Amino acid sequence: MSTSLEDRLMELELRMPDTLLLRILGHAAQTSEREVTSVRRRPRWATVALAIGLLIAVVSGASFYAPRFAQALADAPIVGTAIGPALRSAGLAGLQGRFTVLDSRATSSGYAVRLVAGYADNNQTVLVLRVDPPDHNAFGRTQLTDQFGRTIAFSGGISDARTGNNVLIFQALPWPDSSLGARLRLHISTLEAAGGNQPVAGDWTLQGTISVEPSRALPLPAAGMLGDSIVRFTKVEATSATVSVYLEISGPVATQLDRMVGPTIPYVAKPHFAFSSELVDANGQPATLLNGTGSTSSGPAQIWAGWVITHPGDYQLRIAYEGVGSFERTITIP
Amino acid sequence: MDAPDEWPLTAERLCARYAPRVYRFAAMVAAGDVEAEDLAQDAMVRAIRNLGRFDTRRGSVETWLWRIVVNAAIDAGRVSTRRRRLWERFRSQPATAENVEDLALMRITAAELLTAVRRLRPRERGMIALRFGAGLGFADVGAAYGISPAAATMATRRALDTLRTLLKETR
């Protein structure tokens, strides 16, 4: 073969348009939402989320299919505290030991679904389930309600088509559940096949009572600047396992939180979001991002992000916008 | 096997690592730039939707992903076949040129080369695009089409020969 023709083909400048990546991620997130939650109601605030909201939605949406998590879950008997390795794999290590062990089972249409464990704090509610046979997951028609019949909106999750282990993440329980705990009822009317094959209709109703991990407000760090944009902290709170930071960004950066930067060099470098927030402990170990969202529809951008923490002490929160600026603030977890 | 930093394999990571190469593939096999973007998007969304089906015991991410990408291209090709045939019927007849490949290659522009690639038959285009657009080895090219590495090598060689002929006609 002619080397010169091969070289010319390999050297063809075929640069991917900058907007394509976001189009793909956005479309995939929308598709997942439609497929997974035909009865799921999106929270009102989520409908206006564009930038960070998109990122978080995509990340959590994609986690539905994370096979690595599935491998770890497959190795762990999912009862009691033995879910620890699985939680670590899912980035929920700090929640280990915080789960309430549940054991509610239902069988319908030849499928057994078991509610294994649950966790809740002021920012999220996490349920661990097992579906048997494992070829379907609990992301079909699934509705979580509390003792008052109020629906708790779904926000993400992970499932394993080989073991049947599912982790479903819902929004925070409303008051007074947040004070009293909640008697939860999870009703599933359709199990969905991984990859969008034929769903299985049935009637699975699972119940369990969990308390809400108390959180405490922490002192607000001083505002910071990203170029001409102001970043204000509106709320910082922590449980013994998580820390949540609420930000408000005013200025040019507020409308460009979804911008991606950096070259694409296969196997070497990949584009990344210009805006970033990272929480690092005193030893330089980054905390795992658990959840979050944001809105850039109009006016200041509202952002919140939650990390899993494993110990008290000082953490450095670094807010950055590549090419514009960055700053750090210390958050002390008592 | 895949690099550890790919795990867990999320949509974001899949896109960051593979979307540019999928786009290069799409740009070569699609009829135009707009179609290339649509194809790349469709292929990547299909891959993301099927992340749950990926099984490390059955092969690498590369093999799994490019099968999906090729199938998306084949499906897209079915949709656009009628339009392409019409275009091919009405395009001007190519002129003959001197048989001095290197000189010809030096003279043709990147746009002309890409146009020539896009005039190949779908399977030929796919082979060229996987090998030189996505940068796959012949084993992966073969895996994407369900043929052996040797067969992929031969098919790619034939596609290159056809491309040479088209380029000569162009000049």
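Guide: The dialogue below goes from confidence to cores, helices and strands. Residues are numbered from 1 along each chain as its sequence is written, while chains are lettered from A and ligands numbered from 1 in the order in which they are written. This is a predicted model, in which local features need pLDDT of at least 70 and side-chain atom pairs count only at pLDDT 80 or more, whereas totals for chains, interfaces and linings use all residues.

Visitor: What is the mean pLDDT of chain B?

Guide: The term pLDDT denotes the predictor's confidence in each residue, from 0 to 100. For chain B the mean is 75, and 77% of its residues reach 70 or more. The model scores ipTM 0.78 and pTM 0.45.

Visitor: Where in chain B is confidence lowest, and where is it highest?

Guide: Elements must be defined before they are compared: helices (H or I, at least four residues) and strands (E, at least two) are DSSP runs, numbered from the N terminus. In chain B, helix 4 (residues 101-107) has the lowest confidence, with a mean of 58, and helix 6 (residues 122-133) the highest, at 90. Over residues 1-5 of chain B, pLDDT stays under 50, and the model has 3 contacts beyond four places in sequence for them; two residues are in contact if their C-beta atoms, placed from the backbone, lie within 7 Å. Over residues 79-100 of chain B, pLDDT also stays under 50, and the model has 11 such contacts.

Visitor: Which residues touch the most other members of the largest nonpolar core?

Guide: In soluble globular proteins, nonpolar side chains tend to be buried together. A residue is buried if 20 or more other C-beta atoms lie within 10 Å of its own, exposed if 12 or fewer, and partly exposed in between, with C-beta atoms placed from the backbone. A nonpolar core is a set of buried Ala, Val, Leu, Ile, Met, Phe, Trp, Tyr and Cys residues joined through C-beta atoms within 7 Å. The largest core here has 65 residues, of which Ala19(B) and Ala26(B) touch the most other members. Helix 1 (residues 11-29) of chain B gives the most to this core, with 13 residues. Leaving aside residues up to four places away in sequence, Ala19(B) touches Met16(A), Leu20(A), Leu21(A), Ile24(A), Ala40(B) and Met44(B). A second, separate core of 34 residues includes Val113(A), Leu115(A), Ala182(A) and Leu186(A).

Visitor: How many residues of helix 6 of chain B are buried?

Guide: Helix 6 of chain B is mostly covered, with 10 of its 12 residues buried. Among them are Glu124(B), Arg125(B), Met127(B), Ile128(B) and Phe132(B). The expected span of a helix is 1.5 Å times one less than its number of residues. The end C-alpha atoms of helix 6 of chain B are only 15 Å apart, short of the 16 Å that a straight helix would reach. Just after helix 6 of chain B, Gly135(B) takes a positive phi of about 75°.

Visitor: Why is Tyr145(B) classed as partly exposed?

Guide: Tyr145(B) is partly exposed because 19 other C-beta atoms lie within 10 Å. Tyr145(B) belongs to helix 7 (residues 138-145) of chain B. With residues up to four places away in sequence left out, Tyr145(B) touches Val70(B) and Ala152(B). Tyr145(B) and Val70(B) are 75 residues apart in sequence and 7.4 Å apart in space, C-alpha to C-alpha.

Visitor: What is the strand order of the open sheet in chain A?

Guide: Strands of a sheet pair through backbone hydrogen bonds, either parallel or antiparallel. Two strands are taken to pair if DSSP finds at least two bridges between them. The open sheet has 4 strands of chain A in the order 5-4-8-9, with antiparallel pairing. Its edge strands are strand 5 (151-152) and strand 9 (200-210) of chain A, each of which pairs on one side only. Within this sheet, 7 bridges join strand 4 (residues 136-145) to strand 8 (residues 182-193) of chain A. Leu144(A) stands opposite Leu186(A) in strand 8 of chain A, and Leu186(A) is also in the second core.

Visitor: Which residue takes a positive phi in the hairpin of strand 1 and strand 2 of chain A?

Guide: That residue is Ser109(A), with a phi near 55°, in a hairpin that has 2 residues between the strands. Strand 1 (residues 100-108) and strand 2 (residues 111-120) of chain A run antiparallel, joined by 7 bridges.
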